[in-house]
Amino acid sequence: MTLRVKVAPQVGDDLEGIHSPVVIVGGGQAGLSMSYCLSQRNVEHIVLERNRIAYEWRDRRWDSFCLVTPNWQCQLPDFPYPGDDPDGFMVRDEVVRYIEAYAQFFNPPIIEGVSATRLRRDRKGRYLVGTSRGELIADQVVMATGPYQVPLIPRLTERLPDELTQLHSSQYRNPDQLPPGAVMVVGTGQSGCQIAEDLHLAGRQVHLAVGSAPRVARFYRGRDVVAWLDAVGYYRKAVNEFADADTVRFRVNHYVTGRDGGRDIDLRAFAREGMRLYGRLTGATGTTLRFAQDLRRNLDHADAVSESIKDSIDRYIESHGIDAPTEPRYTPVWVPDHKRTEVEIRNAGITSVIWSTGFGRDDRWIEVPVFDGRGYPTHDRGVTSSPGLYFLGLPWQHTWGSGRLSGVADDAAYLAERITTGPDHVFRWIAGTPNSTFPRDDEWVAPRTVA
Ligand SMILES: Cc1cc2nc3c(=O)[nH]c(=O)nc-3n(C[C@H](O)[C@H](O)[C@H](O)COP(=O)(O)OP(=O)(O)OC[C@H]3O[C@@H](n4cnc5c(N)ncnc54)[C@H](O)[C@@H]3O)c2cc1C
């Protein structure tokens, strides 16, 4: 394939006053996809990355991390998964290499080690992008700053005894990083479940506070469930086709794993093997943690969702006359026989807590009035109401794959089209002022993305 590479204007250390038609903030898969699509259209642009390419995959995932989505779903623009295991699940370092190889494939005009620290518009409607190396001017800006920016940790951590080691899931690397003893994992989204499994397999006594996240089976009737859902058309469904689009956007991901070729995560099976399960964490007093009495309901809910996905696959198989092996349905392998609502940390030998309680965004540096009451960006398929300002890589920006490796290509191509037709130069504040934010900084809470 021939590439028309658009190189960055020659820039030195000082970015002050440089004018670029487009500035992309973020050098993860979204920022790179955007850069590629603009390069293909010969649109001059600059990508700013405060760390280095693929930073999130390299530095904010645990050592045994592997993709939950099969490799064939890695579909960056014109750069599908290049390996020989499309149905497998790349481990962390392979994902990093895939993203790095993508950058080598088209040589994006990226400047690493530069943070964008302020974004505002001038009276001509141009964007002023304040950075750690001076202020750039841009006609259009794409925010590809990642969906999972700020760890969300409940403030009750502050009341727990000092001797406990406490980490957010994005800081967890491996069991040896923790002091000897039992580990409390709080939260059962994808990260919490996989970290609990990692510790459990390493022989650690795990205590797990189970939330309301759903689960999905890895395989069903001879195929990976992701392959079935792809055939069903689920991944092509746009968020605005759902009656409850806003709920869909913020829904917690289903838990399952790609580890060792892929398998279910069945918390009941872990419990049977000795993991201690509780309901949602509700509070702490001294050295006692308290939980809601919702463990049974949460486990039942996760199973019900998983079974309902199988129902939809069955319907698809039947209606299309597909010859697929039948498979017995799941029967619970363990049922809680207790209403355990407390654990005393010292008696249980718990020496560390891992908060798998999700992530939020911090867009306070963006002084353009495109945010909702929580501080979350408002947009239509990434296009904001501020002409020339776009977001890319948001969960469910357009489809299920938008915040993932499978769907960012479509969204980047869509935005590239919008960018090349040029921003609408009508300059209109819909709320607020360019230089003030509400609520005040000391009252600010990061708006939640999904765990
Ligand atoms: C635990 C976990 C597991 C996941 N598993 C899968 C999976 O199996 N399959 C899948 O498809 N997806 C998965 N995802 C989702 C998604 O693919 C990743 O979150 C991915 O990293 C998103 O890519 P991105 O480019 O949108 O954002 P990021 O990778 O977060 O990149 C954003 C970049 O922007 C930079 N940046 C941010 N702010 C600034 C600034 N102000 N100035 C300059 N640079 C800035 C950051 O340094 C970062 O490098 C997972 C996510 C998590 C958290």
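This is a predicted model: local features need pLDDT of at least 70, side-chain atom pairs count only at pLDDT 80 or more; totals for chains, interfaces and linings use all residues.
Modeller: Residues are numbered from 1 along each chain as its sequence is written.

Colleague: How do you know that the length of α4 agrees with what a helix should span?

Modeller: The expected span is 1.5 Å times one less than the number of residues. For the twelve residues of α4 that gives 16 Å, and its end C-alpha atoms are 16 Å apart, so the two agree.

Colleague: Why is α4 called mostly covered?

Modeller: A residue is buried if 20 or more other C-beta atoms, placed from the backbone, lie within 10 Å of its own; it is exposed with 12 or fewer, and partly exposed in between. Ten of the twelve residues of α4 are buried, among them Cys193, Ile195, Glu197 and Leu199. These buried residues pack against β11 (182-186), β12 (206-209) and β19 (350-355), where a contact needs C-beta atoms, placed from the backbone, within 7 Å.

Colleague: And α8 (residues 295-319), how do you know that its span fits?

Modeller: Its 25 residues should span 36 Å, and the end C-alpha atoms are 36 Å apart, so α8 agrees as well. The buried residues of α8 include Leu295, Leu299, Ala302, Ser306, Ile309 and Ile313. They pack against β13 (219-220), α5 (225-232), α7 (267-272) and β15 (276-278). Just after α8, Gly321 takes a positive phi of about 60°.

Colleague: Is Ala54 buried or exposed, and how do you know?

Modeller: Ala54 has 21 other C-beta atoms within 10 Å, so it is buried. Asp260 also has a positive phi, near 50°, and is found in the loop between α6 (245-249) and α7. With 10 other C-beta atoms within 10 Å, Asp260 is therefore exposed.

Colleague: Why is Trp400 called partly exposed?

Modeller: Trp400 has 19 other C-beta atoms within 10 Å, so it falls in the middle class. It sits in the loop between β21 (389-391) and α9 (408-420). Not counting residues up to four places away in sequence, Trp400 touches Tyr234, Tyr235 and Gly407.

Colleague: And why does Ile366 count as buried or exposed?

Modeller: Ile366 has 25 C-beta neighbours inside 10 Å, so it counts as buried. Ile366 lies in the loop between β20 (359-360) and β21.

Colleague: How do you know that the radius of gyration of the chain agrees with a compact globule?

Modeller: The radius is taken over C-alpha atoms, and the globule rule is 2.2 Å times the number of residues to the power 0.38. For 451 residues the rule gives a value near 22 Å and the chain has 23 Å, so they agree. Of those residues, 41% count as buried.

Colleague: Last one: how confident is the predictor, and where is pLDDT below 50?

Modeller: pLDDT is the predictor's confidence in each residue, from 0 to 100. The chain averages 92, and 92% of the residues score at least 70. Over residues 1-7 it is below 50, and this stretch has 14 contacts beyond near neighbours in sequence. It also stays under 50 over residues 425-438, for which the model has 15 contacts beyond four places in sequence.

Technical notes. Helices (H or I, at least four residues) and strands (E, at least two) are DSSP runs, numbered from the N terminus. Two residues are in contact if their C-beta atoms, placed from the backbone, lie within 7 Å.
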